[in-house]
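User: I would like a close look at one part of this model, followed by its surroundings. Please keep it plain.

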Amino acid sequence: MASSCDRVSPSLTAYARAAEMLGSGRLVAFPTETVYGLGADATDPAAVAALFAAKDRPASNPMIVHVADAAAADRVGTLDGTAARLAAALWPGPLTVVVPRRPTTAVVAAVSANLDSIAVRVPGHPVAQGVLRAVARPIVAPSANRSGTVSPTTADHVEESLGGRIDLLIDGGACPVGLGSTVVACLPGVFRLLRPGAITAERVEAAAGCALGGEAALGGAALAPGQMASHYAPRRPVRLGAVDAAPDEAVLAFGPDDDLPGGRMRLNLSQTGDFAEAAHNLYAMLRALDRPDVRAIAVMPIPATGLGVALNDRLARAAAPRPSEAGPHAGVSEP
Ligand code: TXA
Ligand code: MG
């Protein structure tokens, strides 16, 4: 394990300490229902700069502002119409909305990469809620891992990736959902899914009362800055759609896997083919299979329905050519 950091269990005392540290510009990692976030005071330019540096995150990749409730979100960005309906139906929960940034907000512009839009979310996890209520100011919190690597779903993952770079880590156990939030753009004339997640497109449309727009009609790369083709990537290469495995490959299985031959080791995301169980296990299993004695990780096919859409999205990014292997424009292929 890399260098350690100050690690505490959730309690009112821990939340008060986290709030005090955040208020003085320090970085605090805490669990949300999706993945662990690395939080900083979104209104403090030096804290925001320290956060980008701790993650090695490119300044062009905007981050999500976390607040305790929809009223606080509406002070950061304009939550009207579609965004307000989504907030009412799906918050607190694993949903992020990208909305027009309020010119009056104290959130520093670098948080949203100087865009006119801003991403906001109200997490439902009790520890995230405890921290946000104690600090009572907007907290910017990207996933608590080095940029481009596998997202953290346990406190150990955070410590492995960022220990020594953060000031406090609240250990709230494994994140129940296990995949980053669904990100939806609700901008003038634009209603588009930017990142699939635990809340499916069907649920988003039902809550909004209207259909998500297709990609061609709507703005393209400018809407999803910083969404790298290669992301969430283990060190070993990832091979998708595997129906067999070489002796030096590790198998990441889904559903019954007795018929799939080969592999030097094997983990199953969900023996019964349950998407939620698979999402919960995905990042921990990718980490566990990412071993020096493994040449590549062979992943069995996962149906692209319901939460399977988000699972396939993360696996496609884990399997995409890494920036060092691809051409100069490979990092920005998300349309
Ligand atoms: O579940 C989550 O969303 C977790 C937890 C910690 O809340 N956070 C997370 O943050 O996954 P991060 O920084 O790893 O991903 C943020 C995503 C990126 O895909 C980014 O491009 C998008 O949100 N995003 C942020 N602001 C945006 C904006 N103004 N316009 C378009 N996309 C934006
Ligand atoms: Mg991330």
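In what order do the four strands of the open sheet stand, and is the pairing parallel or antiparallel?

Analyst: This is a predicted model, in which local features need pLDDT of at least 70 and side-chain atom pairs count only at pLDDT 80 or more, while totals for chains, interfaces and linings use all residues. Residues are numbered from 1 along each chain as its sequence is written, chains are lettered from A and ligands numbered from 1 in the order in which they are written, and side-chain values use heavy atoms, with hydrogens and water left out.

The order of the four-strand open sheet is 11-14-12-13, and its pairing is parallel. Its edges are strand 11 (238–239) and strand 13 (265–268), each of which pairs on one side only. Strands (E, at least two residues) and helices (H or I, at least four) are DSSP runs numbered from the N terminus, and two strands pair if DSSP finds at least two bridges between them. Two bridges link strand 11 to strand 14 (residues 296–299) in the parallel sense; here Val238 stands opposite Ile297 of strand 14. Helix 8 (residues 275–289) packs on this sheet and touches strand 12 (249–253), strand 13 and strand 14, its direction making about 175 degrees with that of strand 13. Contact here means heavy atoms within 4.5 Å; axes are lines fitted to C-alpha atoms, for helices over the stretch in contact, and angles run from 0 to 180 degrees between N-to-C directions.

Another open sheet has 10 strands in the order 1-8-2-3-7-4-6-5-9-10, with mixed pairing. Strand 1 (7–8) and strand 10 (190–195) each have a single partner strand, so one side of each lacks a neighbour in the sheet. Strand 5 (residues 95–100) and strand 6 (residues 117–121) run antiparallel and are joined by five bridges, with Pro100 opposite Ser117 of strand 6.

The loop between strand 5 and strand 6 holds Ala113, which has a positive phi of about 50 degrees without being a glycine. The loop between helix 4 (82–90) and strand 5 contains Pro92, joined to Trp91 by a cis peptide bond with omega about -5 degrees. Most residues other than glycine have a negative phi, and most peptide bonds are trans.

Strand 6 also gives the shell around ligand 1 its largest share, four residues; strand 4 (64–66), strand 6 and strand 10 each supply at least two. There are 26 residues around ligand 1, and Thr34, His66, Arg121, Ser181 and Arg195 come nearest, a residue being near if one of its heavy atoms lies within 4 Å. A polar side-chain atom of Arg121 is 2.9 Å from an oxygen atom of ligand 1. For Asn61, the distance from a side-chain N or O atom to a ligand 1 oxygen atom is 3.4 Å. The protein covers 97% of the 680 Å² of accessible area that ligand 1 has on its own, by the Shrake-Rupley method with a 1.4 Å probe.

Technical notes:
A polar contact is a pair of N or O atoms within 3.5 Å; within protein, one must be able to donate a hydrogen and the other to accept it, and residues adjacent in sequence count only if both atoms are side-chain atoms.
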